[in-house]
Amino acid sequence: IVHLPDSSFVVSPHWRSHTFRLSSVEALLGRKHVKTADSYAQACAEWTWDIPERFNMGVSVCDVQNQSATALIVPQQDGGQRDYTFGDLKQLSGRLSNLLVAHGLERGDRVAVLLPQMPETLVAHIAAYRAGLIAMPLAQLFGPDALEYRLSDSGARVLITDRASCVKIAEIRDALPDLQFVLSVDGPADD
């Protein structure tokens, strides 16, 4: 984060369209994290990322948060809502992460996620990150050819999907030798 003199704003060179009031950033990060630059060009030239030696996005998303705080609110068809806490996401993603590792997946393996926007999609991504796997989102609008290309080219070992997409996968399953198994979040396809 760079503070340009004579300004009450902080500019990140990687997000040109975003500026933040310095006081709010200082409150979050403390003054020691704010560097001074005379120009935007200097700020860009001197920019460095402070990347920790070990970091796990799945752990960061769930484990370091207040476990009883609401993380996700999902509207229900009956007009109600289902709230998920950070603790819920930690538990659900931990179970799926353990399942993936128990089935032989190792750090760097690809996990394809072919789901609509739903809580299970979030859990699948967090679980992959927790286990050191690479989550590979796929669009529900992809047809069998597009799915076959992406799944085979990536070497995805697991696909997490839903019943509706299992039909598309069944058409191409024989062309995907690296795909060890398919998990459906709402049961098997109707055959």
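Tutor: Let's start with the rings: by the pairing rule, the count comes to one aromatic pair. Keep in mind that this is a predicted model.

Student: Okay, which residues form that aromatic pair?

Tutor: Trp47 and Trp49 form the pair, and the arrangement is edge-to-face. The ring centres are 5.6 Å apart, with 90° between the planes.

Student: Why quote a distance and an angle together?

Tutor: Because a pair of aromatic rings is described by the distance of the centres and the angle of the planes.

Student: Is Trp47 buried or exposed?

Tutor: Trp47 has a relative accessible area of 17%, so Trp47 is buried. The cut-off for buried is under 20%.

Student: And what about Trp49, buried or exposed?

Tutor: Trp49 comes out at 51% relative accessible area, so Trp49 counts as exposed. Exposed means over 50%.

Student: Let me zoom out. How many helices and strands does the protein chain have?

Tutor: Seven helices and ten strands. The protein chain has 191 residues, and 34% of them are buried.

Student: What share of contacts join residues at least 24 apart?

Tutor: It's 58%, taken among contacts between residues at least 6 apart in sequence.

Student: Now helices. At what angle do H4 and H5 pack?

Tutor: About 60°, and the axes of H4 and H5 are 8 Å apart. H5 covers residues 119–130, while H4 runs over residues 86–102. The crossing of H4 past H5 is right-handed.

Student: Which residues in H4 and H5 meet?

Tutor: On the H4 side you have Leu89, Lys90, Leu92, Ser93, Gly94, Leu96 and Ser97. On the H5 side they meet Leu122, Val123, Ala124, Ile126, Ala127 and Arg130. Sorted by class, this contact has eight nonpolar, three polar and two charged residues.

Student: Changing topic: where is Thr161?

Tutor: Thr161 sits in strand E9, which spans residues 158–161. At 0% relative accessibility, Thr161 counts as buried.

Student: And which residues does Thr161 touch?

Tutor: Not counting residues up to four places away in sequence, Thr161 touches Leu114, Leu115, Cys166, Val182, Leu183, Ser184 and Val185.

Student: What's in helix H7, say around Val167?

Tutor: H7 is residues 163–172, and Val167 is found there. Val167 is partly exposed because its relative accessible area is 46%.

Student: Where is Glu171?

Tutor: Glu171 is in helix H7 too. Its relative accessible area is 57%, so Glu171 is exposed. The C-alpha atoms of Glu171 and Glu148 are separated by 9.4 Å, and the two are 23 residues apart along the chain.

Student: Last one, where is Leu141 found?

Tutor: Leu141 is in the loop between strand E8 (134–137) and helix H6 (144–154). With a relative accessible area of 84%, Leu141 is exposed. From Leu141 to Ser165, 24 residues apart along the chain, the C-alpha separation is 9.7 Å.

How values were computed. Residues are numbered from 1 along each chain as its sequence is written. This is a predicted model: local features need pLDDT of at least 70, side-chain atom pairs count only at pLDDT 80 or more; totals for chains, interfaces and linings use all residues. Side-chain values use heavy atoms; hydrogens and water are left out. Helices (H or I, at least four residues) and strands (E, at least two) are DSSP runs, numbered from the N terminus. Axes are lines fitted to C-alpha atoms, for helices over the stretch in contact, and angles run from 0 to 180 degrees between N-to-C directions. A crossing is left-handed if the near helix is turned anticlockwise from the far one by less than a right angle, and right-handed if clockwise. Contact means heavy atoms within 4.5 Å. Ala, Val, Leu, Ile, Met, Phe, Trp, Tyr, Cys and Pro count as nonpolar, Asp, Glu, Lys and Arg as charged, and the others, Gly among them, as polar. Rings of Phe, Tyr and Trp (its six-membered ring) pair if their centres lie within 6.5 Å; planes under 30 degrees apart count as stacked, over 60 as edge-to-face and the rest as tilted. Buried means under 20% relative accessible area, exposed over 50%, partly exposed in between (1.4 Å probe, protein chains only).
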